[in-house]
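Here is a short report on packing and aromatic contacts. Please keep the model open while reading.

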Amino acid sequence: MINIGIIGGSGYTAGELIRILMFHPNATIDFVYSTTNAGKQLSVAHHDLMGDIEMNFTDTVNPNVNVVFLCLGHGKSKSFLEQNQFANHTKIIDLGNDFRLHKDEIFDGKKFVYGLPELNKAVIKNAQFIANPGCFATAIQLALLPLAKNEMLTTDVHINATTGSTGAGVSPSETTHFSWRSNNMSHYKAFEHQHLGEINQSVNQLQADYTNELIFVPNRGDFARGIFATLYTTIEESLEDVVAKYEAFYKDQPFVTVTTTGINMKQVVQTNKCIISLMKKGNRLLITSVIDNLTKGASGQAIQNMNLMFGLDETTGLHLKPSGF
Ligand SMILES: NC(=O)C1=CN([C@@H]2O[C@H](COP(=O)(O)OP(=O)(O)OC[C@H]3O[C@@H](n4cnc5c(N)ncnc54)[C@H](OP(=O)(O)O)[C@@H]3O)[C@@H](O)[C@H]2O)C=CC1
Ligand SMILES: CC(=O)N[C@@H](CCC(=O)OP(=O)(O)O)C(=O)O
């Protein structure tokens, strides 16, 4: 069994890890670390877990676990690892953004691999340290990578993506408050979202000569979970040719489905799936990409990486049912 530690226990991504791992056939949760709820039942912070798991948060770290998931805010993974040493055998999967860019990938002698399986599966299998991608970054990269792989990106890409409120974490804020978020929508960090760095890094990993711009406007949506992303760019090839290239790129990727039909977020919410829809009008290609920000965009993908790192089928424990409606 893979013995697991979770840091940042009261948060959204930690909660999602617990929900999935408690049913994972090869995993056992050794501890869930919390700075605010130590000694209390997990269900104090994750109410839906009442009756499902008898475990308390702890303020003690077991440094000998097989893998530890870091579910902390920006920049806190680095400081946590400075204060807490794990055994040499312990694998680390960081859900934050501290180690995703190449300039940050080496920390304290540890080399972090960017944990997008559909891009880096072979390297992930042999990695000990993983920088798990951001949620928008996952949805947008999965939409773009087949074009980059085939060096088909020649102009700017216009990106619009809307996220649910859980994307911003458990601590309430003005823009996650029900009274503000309900029946509302807004954009934020237009043209400057922090995920553009990791997205550009991955695009250039496949198409080094791409120098145009990824023009991204993120929106806050009136729902809790999910990301709906639309991207368009100029492509000369026929839709049939583009679809064939996407299907070839994702042939051995169990969580990505390519279609030319219309799609919606509820087809993937609560699952580790990404569905990509392609359509063309003239030389303009529209790519739609939907994921659940907390599963494929965070905790599900982190478990997918864990499966690969421990030699398991990457879908182990991730056969999750969609919400449907
Ligand atoms: N939400 C999402 O959709 C996604 C989030 N991410 C990233 O994953 C990380 C976790 O996200 P999320 O779960 O939403 O965040 P949350 O804010 O929901 O949870 C973070 C948790 O970290 C703990 N924490 C906070 N400050 C400290 C500290 N100084 N030292 C130790 N622990 C601390 C708290 O848990 P406790 O009180 O129990 O200690 C807190 O609940 C973030 O970096 C986020 O950007 C990535 C992809 C998607
Ligand atoms: C979708 C969504 O709301 N995202 C949040 C942060 C969560 C995330 O994925 O960002 P990092 O892991 O890079 O912190 C945002 O856009 O600010």
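The text below covers the cores, the aromatic pairs and one annotated site.

This is a predicted model: local features need pLDDT of at least 70, side-chain atom pairs count only at pLDDT 80 or more, and totals for chains, interfaces and linings use all residues. Residues are numbered from 1 along each chain as its sequence is written, and side-chain values use heavy atoms, without hydrogens and water.

**Cores**

A nonpolar core is a set of buried Ala, Val, Leu, Ile, Met, Phe, Trp, Tyr and Cys residues joined through side-chain atoms within 4.5 Å. Buried means under 20% relative accessible area, exposed over 50%, partly exposed in between (1.4 Å probe, protein chains only). The largest such core has 43 residues, and Leu 144 and Ile 287 touch the most other members. Helix H4 (residues 135–149) gives the largest share, eleven residues. Helices (H or I, at least four residues) and strands (E, at least two) are DSSP runs, numbered from the N terminus. Domain 1 (2–133 + 296–309) and domain 2 (135–293) both contribute residues, so this core lies between them. The domain bounds come from an automatic or database domain assignment. Another core lies apart from it, with 33 residues, including Leu 49 and Ile 130.

Contact means heavy atoms within 4.5 Å. Leaving aside neighbours within four places in sequence, Leu 144 is in contact with residues including Leu 153, Ile 199, Tyr 246 and Ile 287.

**Aromatic pairs**

The whole structure holds seven aromatic pairs. Rings of Phe, Tyr and Trp (its six-membered ring) pair if their centres lie within 6.5 Å; planes under 30 degrees apart count as stacked, over 60 as edge-to-face and the rest as tilted. Two of the pairs are tabulated.

| Pair | Type | Centre to centre | Between planes |
|---|---|---|---|
| Tyr 33 and Phe 80 | edge-to-face | 5.6 Å | 70° |
| Phe 136 and Phe 216 | edge-to-face | 5.3 Å | 80° |

Tyr 33 lies in strand E2 (residues 27–33) and Phe 80 in helix H2 (residues 76–83), so their pair ties together parts 47 residues apart in sequence. Phe 136 in helix H4 and Phe 216 in strand E10 (residues 214–220) are 80 residues apart. Tyr 33 and Phe 80 are buried. So are Phe 136 and Phe 216.

**Annotated site**

An unreviewed UniProt entry places the feature "active site" at Cys 135; such annotations may be inferred rather than shown by experiment. Cys 135 is found in helix H4. Cys 135 is buried, with a relative accessible area of 15%. Beyond its neighbours within four places in sequence, Cys 135 is in contact with His 195, Ile 227, Ile 291, Asn 293 and Gly 297.

Technical notes: Chains are lettered from A and ligands numbered from 1 in the order in which they are written.
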